[in-house]
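Please look through the structure before reading on.

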Amino acid sequence: MMDPSHILFMAAAASLCYGLIHLLQFLYHELTNPLVGGPRNPSWIFGNVKELGSETGLTERWQEEFGPIYLFRGLFSRRKLYVADVKALSYIVANDARFVRVPVDVKFKVGLLGEGLLTVVGDDHKRQRRILNQAFGGPQIRYLTEIFVKKAVQLRDMWVAELAQGNSVAPDLTVDICDGIGRMTLDVIGEAGFNHEFQALADTGKPNKLAELLTNLFHSPEARRNWMFLQLQTLIPALKLLPLPGQKALATAHATMYSIASQIVSESKRALSDGEKSFDSSKRDLLSILLKANMPTSIPAHQRLSDAELIAQISTFVAAGHETTSNAIAWALHSLSLHRATQRKLREELSTISSENPTMDELNSLPYLESVVREALRFHGPVAFVDRMATQDDVLPLSRPYIDKTGKSHDTLPIRKGQIVHMSILALNHDQDIWGPDAGEFRPERWENVPSGAGAIPGMPHPNLFSFFAGQTNCIGYRFALVEIKALLFTLIRAFEFEPAVPSSRIGRCGSLVRTPMYLDDLERGTSLPMNMKPVNKQE
Ligand code: HEM
């Protein structure tokens, strides 16, 4: 039998060799890295992550300094390749089997959402996407428009009632619009997504369990710190033994979403198996369509979604479809409040529809509304970036050459297996070489004559809009989001005149993945966008 001290010695030697190999690999990659630029690494553990979460417009400023391709650091100083070059981005999107979701991010999201469309990869992703596509098609969205409009009217009426309680001489109302809009989009995703009444708008003023939980997780003053610790724990599972901040918020969010979702799925399945008695066959919410598409009579057994996968889609819809859309709407209203002539022009167009309850086709028939929505999505890019990891050594083609450390110019950039690429949606949306010198201005009219360079952007649903990403993992909910945003702008802009309540220099895009409006001089407040509103018919 082997001496235990011998075994220990061999284990220690093996760990040392393993560590040494990684250190040598790290040093080799550092020394042979051809890229020159990139920000300073302020912390070996946190890399540039802390400053990225708290400084608005940082990656854009780095891009001005280092160009559209540079390296920065993730957790544990992991090298991330920032890419905002249109040719490189098109290549990555077109080769999505070679550029996959980053495993550590996937693991982290699975802990919150389960194995839904946002977290599965490879064949499972293809299988889930094939079934889910049936729920997100045009005919369903046409039907769901009724819900978007109904909820928009409920929010409008709530603000009208608040105005009526105010002073009739100066009938202005200052509202933090993020709260109402967030409640509206949560109600929409509940009813349109899975026929569930969250009652978030009806309970305005009262805390809403799920809304509060999502706020704690994503937008509370502690959220940024918590997310960083949670990611560290995903990278080093042994850290889960320590009571680091954020664990409790994540566990509560997961448990709450799971219990709501599993109840909804089992009720809907029961109704479906009871036949016509209790299952309304005209039901068109996303889950009902999904359940019908997933029935044994509709699909071969090996392609069906398991119960766990069905439950995971519900938290996925909430996570992917609530914050993104509410921020897109809040930012659109922010820009409209700063551009009063644009707001008036939009209102004029909206008033050409006589009904208060427009259909999807009516909303889609309004060209200026279309331009305003596209411009808001371009200008604010509610999802700021998408990360992917190279599964093999590769060579990225570039539209603009880069100069290496020795001063040589290159049209392509070799990258190694395992390299994380950070695709900046926001930077591409603001690229002056593509959009012209006024790329940094909110100007919906640009969509009447899109610059030819924008045609090279791999976007959805228009080739030139990267905000919903592109390729096989593009946003499945883009139709849903576009019509929901239009329905809310239609209803609110017809009813209210919006003016900024604080100087625009105090409001900035903060957060990491989904950039939300916050006071730059008071980040502790979390997501916040105060706005002065007055009824349109009382305009001077
Ligand atoms: C303005 C609103 C929205 C924006 C800007 C947006 C943006 C995006 C982006 C950039 C992605 C790619 C993420 C990645 O792969 O890492 C994505 C994926 C996704 N989005 Fe959206 N989204 C929006 C609204 C919605 C809505 C309303 C829903 C659902 C009701 C939704 C559901 C999803 C899902 C399920 C995925 C994963 C798709 C897949 O992997 O096949 N999104 N979205």
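Which element gives the largest share of the shell around the ligand?

## Ligand shell

Helix α13 does, with 4 residues. The model discussed here is a predicted one. In it, 22 residues surround the ligand, and the closest of them are A320, G321, T324, C475 and G477. Two or more shell residues come from each of α13 (307-321), α14 and α20. By residue class, the shell around the ligand holds 14 nonpolar, 7 polar and 1 charged.

## Overall content

The protein chain contains 20 helices and 12 strands. Of its 540 residues, 43% are buried. Among contacts in the protein chain with a separation of 6 or more, 72% are between residues 24 or more positions apart.

## The five-stranded sheet

Five strands form an open sheet with mixed pairing, in the order β1-β2-β8-β5-β3. The edge positions are taken by β1 and β3 (99-100); each has a single partner strand, so one side of each has no neighbour in the sheet. Helix α4 (residues 86-94) packs on this sheet and touches β2, β3, β5 (385-390) and β8. The direction of α4 makes about 120 degrees with that of β8.

Strand β1 (residues 69-73) runs antiparallel to β2, and 5 bridges join the two. One of the bridge pairs is F72 with K80 in β2. The two strands form a hairpin with 5 residues between them, and F76 in the turn has a positive phi of about 55 degrees. On the pairing with strand β8 (residues 420-424), β2 runs parallel and has 4 bridges. Here L81 stands opposite V421, and the bridge partner of Y82 in β8 is H422.

## Strand β2

How many residues of strand β2 are buried? The count is 5 of the 5 in residues 79-83, so the strand is largely enclosed by the rest of the structure. The side chains divide by direction: R79, L81 and V83 point one way from β2, while K80 and Y82 point the other way. Both groups are buried.

## Helix α17

Helix α17 (residues 367-380) has 14 residues, which at 1.5 Å a residue should span 20 Å. Its end C-alpha atoms are 20 Å apart, in agreement with that value. After α17 comes G381, with a positive phi near 35 degrees.

Is α17 mostly covered or mostly uncovered? It is mostly covered, with 11 of its 14 residues buried. The buried residues are L369, S371, V372, V373, R374, E375, A376, L377, R378, F379 and H380. An α-helix has 3.6 residues a turn, so residues three or four places apart point the same way. In α17 the buried set includes the run from S371 to H380. The elements covering these buried residues include α14 (323-338), α15 (340-350), α16 (360-364), α18 (425-429) and α20 (478-495). Two of these, α14 and α20, are also among the elements that give two or more residues to the shell around the ligand.

## The three-stranded sheet

A second open sheet has 3 strands in the order β4-β12-β9, with antiparallel pairing. Strands β4 (173-176) and β9 (496-500) stand at the edges with a single partner strand each, so one side of each is left without a neighbour in the sheet. Ignoring direction, neighbouring strands of this sheet are turned by 35 degrees against each other on average. Strand β4 is joined to β12 (residues 530-535) by 4 bridges, and L173 stands opposite M533 in β12.

Two helices lie across strands of this sheet. Helix α7 (residues 138-164) lies across β4, β9 and β12, at about 140 degrees to β4. Helix α8 lies across β4 and β12, running at about 60 degrees to β4.

## Positive phi in two loops

Q199 is not a glycine, yet its phi is positive, at about 60 degrees. This residue sits in the loop between α8 (177-194) and α9 (209-218). Q199 has 14 C-beta neighbours inside 10 Å and therefore counts as partly exposed.

F469 is likewise not a glycine, and has a positive phi of about 65 degrees. Its place is the loop between α19 (432-435) and α20. Is F469 buried or exposed? With 20 C-beta neighbours inside 10 Å, F469 counts as buried, because 20 or more is the cut-off for that class.

Definitions and conventions:
Residues are numbered from 1 along each chain as its sequence is written. This is a predicted model: local features need pLDDT of at least 70, side-chain atom pairs count only at pLDDT 80 or more; totals for chains, interfaces and linings use all residues. A residue is buried if 20 or more other C-beta atoms lie within 10 Å of its own, exposed if 12 or fewer, and partly exposed in between; C-beta atoms are placed from the backbone. Two strands pair if DSSP finds at least two bridges between them. Two residues are in contact if their C-beta atoms, placed from the backbone, lie within 7 Å. The expected span of a helix is 1.5 Å times one less than its number of residues. A residue is near a molecule or strand if its C-beta atom, placed from the backbone, lies within 6 Å of it. Ala, Val, Leu, Ile, Met, Phe, Trp, Tyr, Cys and Pro count as nonpolar, Asp, Glu, Lys and Arg as charged, and the others, Gly among them, as polar. Axes are lines fitted to C-alpha atoms, for helices over the stretch in contact, and angles run from 0 to 180 degrees between N-to-C directions.
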